[in-house]
Amino acid sequence: MQWILHGAPLSPFVRKVMYVLKAMAAEYKLKPESPGFYSDDFLNISPLGKIPVWQEDDWTQPDSSVICQYLIETQDHPGLAGLMPTDPKQRAQVRWLEKYADYELCPQLTYTVFRQRTLRMINGKHPQEEVVLDCIKNKVPPVLDYIEKALGPNTYFVGDQLTMADVAITSQMITFMHGGELIDANRWPNLRRYFNHMYQQDTWQALIVREKKTLDKILGPKHYNLSPL
Ligand SMILES: N[C@@H](CCC(=O)N[C@@H](CS)C(=O)NCC(=O)O)C(=O)O
């Protein structure tokens, strides 16, 4: 059976799936698909026209959360242990925070800051800096305030090990960094400490190094190439 991940590694949703695949040292093929440049048949397997889509032979499945959950449920790999806790209340909290990352952090950190500062540049357009600055001033603080409080002094968002909540939230923070912004350590000290820790973790590092190489290749000196350390 051949495993194929359709998508682009710079997408925070594709990155979530790539994290899970890396955590279980899976062999798979990455089939490049980027919004706006889809191959002719991609829309047949992506009903909403979004990446990622997962494929096993002729079976396909869209949506990062659904794909990650499917892999966790079907692959009995120690690297996935704990990504979805066994305690029902912790599972509920993990799902909530994953949803919060995908639907509340993403519009600000990715769809606004990263899209303006990086994707527009890749497409040969200038960022609308006033849109970015308004987002950073008015829209980013409330969402980061919420997760700063949810994290508190803890190492991980739920329980004492890395879960899908951390995968989803960190993935958005990485895209924010690629968009030229780091979490302000004075205003959100817990989140910055957390991101510094996640950034150094092997699985994230492997993904980030590859992404930075891609950005270097596409954007050259216009690539922000930030590090939280
Ligand atoms: N809920 C979806 C969201 C996926 C998503 O929004 N992907 C973006 C790329 S970061 C996309 O494909 N956007 C294309 C579009 O909305 O037209 C998931 O978790 O997979």
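Select residues 3-80 and then residues 88-222, which are domain 1 and domain 2 of the chain (bounds of this kind come from an automatic or database domain assignment), and note that their C-alpha centres lie 20 Å apart. This is a predicted model, in which local features need pLDDT of at least 70 and side-chain atom pairs count only at pLDDT 80 or more, while totals for chains, interfaces and linings use all residues. Residues are numbered from 1 along each chain as its sequence is written.

Stay with the boundary between the two domains, where the contact takes twelve residues from domain 1 and 18 residues from domain 2; two residues are in contact if their C-beta atoms, placed from the backbone, lie within 7 Å. On the domain 1 side, α1 and α3 each supply at least two residues, and the largest share, eight residues, comes from α1. That side of domain 1 divides into eight nonpolar, one polar and three charged residues, where Ala, Val, Leu, Ile, Met, Phe, Trp, Tyr, Cys and Pro count as nonpolar, Asp, Glu, Lys and Arg as charged, and the others, Gly among them, as polar. The element names follow DSSP runs numbered from the N terminus, helices being H or I runs of at least four residues and strands being E runs of at least two.

Next, select α1 (12-23) and α3 (64-74), which pack at an angle of about 10° with their axes 9 Å apart. α1 is therefore roughly parallel to α3, a term for angles under 35 degrees, whereas those over 145 count as roughly antiparallel, 65 to 115 as roughly perpendicular and the rest as oblique. The axes are lines fitted to C-alpha atoms, for helices over the stretch in contact, and angles run from 0 to 180 degrees between N-to-C directions. Show the side chains of F13, K16, V17 and V20 in α1, which meet S64, I67, C68 and L71 in α3; by class, this contact holds six nonpolar, one polar and one charged residues.

The ligand is surrounded by S11, P12, F13, P35, G49, K50, I51, P52, D63, S64, S65 and D102, a residue being near a molecule if its C-beta atom, placed from the backbone, lies within 6 Å of it. Coloured by class, this shell shows five nonpolar, four polar and three charged residues.

Turn now to the strands, four of which form an open sheet of mixed pairing in the order β2-β1-β3-β4; two strands pair if DSSP finds at least two bridges between them. The edge strands, each pairing on one side only, are β2 (29-32) and β4 (59-62), and the twist averages 20° from one strand to the next. Select β1 (residues 3-7) and β3 (residues 53-56), which run antiparallel and are joined by four bridges, with W3 opposite E56 in β3. Four bridges also join β1 to β2, and these two strands run parallel; here L5 has L30 of β2 as its bridge partner.

Finish with helix α5 (residues 129-151) and helix α7 (residues 189-200), whose axes come within 8 Å and cross at roughly 75°, so that α5 is roughly perpendicular to α7. To see the contact, select L144, I147, E148 and L151 of α5 together with N190, L191 and Y194 of α7, a set with five nonpolar, one polar and one charged residues.
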